[in-house]
Amino acid sequence: MTSPTAASLPLDAKFDKDFRPVVSLTQSDAEARLRDEEASIEPPEELGVSRYDIVRVPSNYPTEDDWVHGALTIPGHEGETDRTLMFWGVFDGHEGWEMSTKLRVSLMEYVSHELKPAYQTLPAETSQEAISKAIEIAFERLDNDVINAGAAAVKASLPLSEALSDLALTYAGSCALLSIFDPSSSLLRVACVGDSRAVLGRRKEDGKWQTIALSADQNLDNDAEASRLHEEHPNEPEMIEDNAVLGMYITRAFGDGRWKYSTEIQKLMKDNYFARSPRSASRTPPYLTAKPVVSMTEVQPGKDFMILASDGLWDRMKSEQAVLLIGKWLDRQAKPGTSKEEAPQKCTYSQKIGSDVPLRSQMTSWEVHAESIIVVDDNAATHLARNALGGADEELFRGMLTFRAPFSRNLRDDITVQVVFFGSRTTAA
């Protein structure tokens, strides 16, 4: 078989000198991309939730955010009626998608395994502390299984392909935010690992909205987290630098073996399985933990809603702003047939070019403000994501969504949002 000569190659090939791999999005294109992964679910009335809305807007490719939602049935104890719990989770991965996907697939299995005996072996007035402890144990068991499997693979000197199937979860990491609602008691638990955030919006008697924190960001801006690390690792001044724990900006996470393994294991991982070098200041690992902080709140059906979101949303708005945005969305939903609310300012991005502050600095620090708010979406989660991506500034909104991975990560993170409305469909907030 001979190779083709230049003379034998086809001469009629078509070349488009104007081809562009990234095409400027129209407003309708951007709308479609925003809504590509949205959903709205109406559970059975007896579950105490009128509706919940979900959206995910990727920046990374593959996206490193993941989610879970649904219902879990706990068999009744000694003839008691079965108990059905609702759950929602947001998992914000980093250094890859592997750990966040593992949480989507496995976390509720671990939680279910711990919750069922906790409910079944206790009397009807189940100890609320025991339930929260069961969730805590489930989180730590899953992470321990991941970390131990990776270490075992390294010590056993497994072939590369086999070892990497276990080690992939330890090379990556993930935050986790899991909420569990018991409609029989109206108790809502939120378990947090990392800096994804949950907040409750509550309509007060005067009609104004109250913002109630359901979780606290676990980073070094959190004094309790900084104190805990110093207590666990005394006399290690190099552990924290530039507001990070050995380079990590969160203080709790799943996976992330580089912050949990001994230097000996890390060196073997580097030498044999292409891992990164151990941190030079690592002395007494583990520095990160997957032990969650679990809060418990009694929900007021008909007055309350919950927002769970990865930090891609919270980079752009405060908790109070998110609650007020959902309040605005609810006001429009309560008046069917009214025109959608739009802010007067439509295009401002290009007007900023040439100012004293570099445009990159302006855009990476951009946050929701009064002039950017817009209410046009039927999905509450999408409504929050739109406003985090420019809102009424259509030029910025289209630009945010035109930018694709990997460069989009310079401007925006993956955004995952779930909004849950408590109560019946006639009484929900």
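How much space lies in the largest pocket? In this predicted model, the volume of the largest pocket is about 1,100 Å³. The lining is formed by 44 residues, of which His-94, Met-248, Tyr-249, Asp-311 and Arg-409 are the closest to the pocket centre. Divided by class, the lining comprises 17 charged, 15 nonpolar and 12 polar residues. Two or more lining residues are contributed by each of strand S4 (83-94), H4, H6 and helix H7 (311-314).

Helices H4 and H6, both of which contribute to this lining, also pack against each other. Helix H4 spans residues 160-171 and helix H6 spans residues 263-273; their axes lie 12 Å apart, at an angle of about 130 degrees. H4 is therefore oblique to H6. The crossing of H4 past H6 is left-handed. On the H4 side, the contact involves Leu-160, Ala-163, Leu-164, Leu-167, Thr-170 and Tyr-171, and on the H6 side Met-269, Asn-272 and Tyr-273. Seven residues of this contact between H4 and H6 are nonpolar and two are polar, while no charged residue takes part.

H1 passes H10 with right-handed geometry. Gln-27, Glu-31 and Leu-34 of H1 meet Thr-382, Ala-385 and Arg-386 of H10 in the contact. The residues of the contact between H1 and H10 comprise two nonpolar, two polar and two charged.

How values were computed: Residues are numbered from 1 along each chain as its sequence is written. This is a predicted model: local features need pLDDT of at least 70, side-chain atom pairs count only at pLDDT 80 or more; totals for chains, interfaces and linings use all residues. Side-chain values use heavy atoms; hydrogens and water are left out. Axes are lines fitted to C-alpha atoms, for helices over the stretch in contact, and angles run from 0 to 180 degrees between N-to-C directions. Helices (H or I, at least four residues) and strands (E, at least two) are DSSP runs, numbered from the N terminus. Angles under 35 degrees count as roughly parallel, over 145 as roughly antiparallel, 65 to 115 as roughly perpendicular and the rest as oblique. A crossing is left-handed if the near helix is turned anticlockwise from the far one by less than a right angle, and right-handed if clockwise. Contact means heavy atoms within 4.5 Å. Ala, Val, Leu, Ile, Met, Phe, Trp, Tyr, Cys and Pro count as nonpolar, Asp, Glu, Lys and Arg as charged, and the others, Gly among them, as polar. On a 1 Å grid over the protein atoms alone, a cavity is a set of points where a 1.4 Å probe fits but cannot get out, and a pocket is an open set with protein on both sides within 12 Å along at least five of seven lines; lining residues have an atom within 4 Å of a point. Grid points are joined across faces, edges and corners, and a volume is the space filled by probe spheres set on the points.
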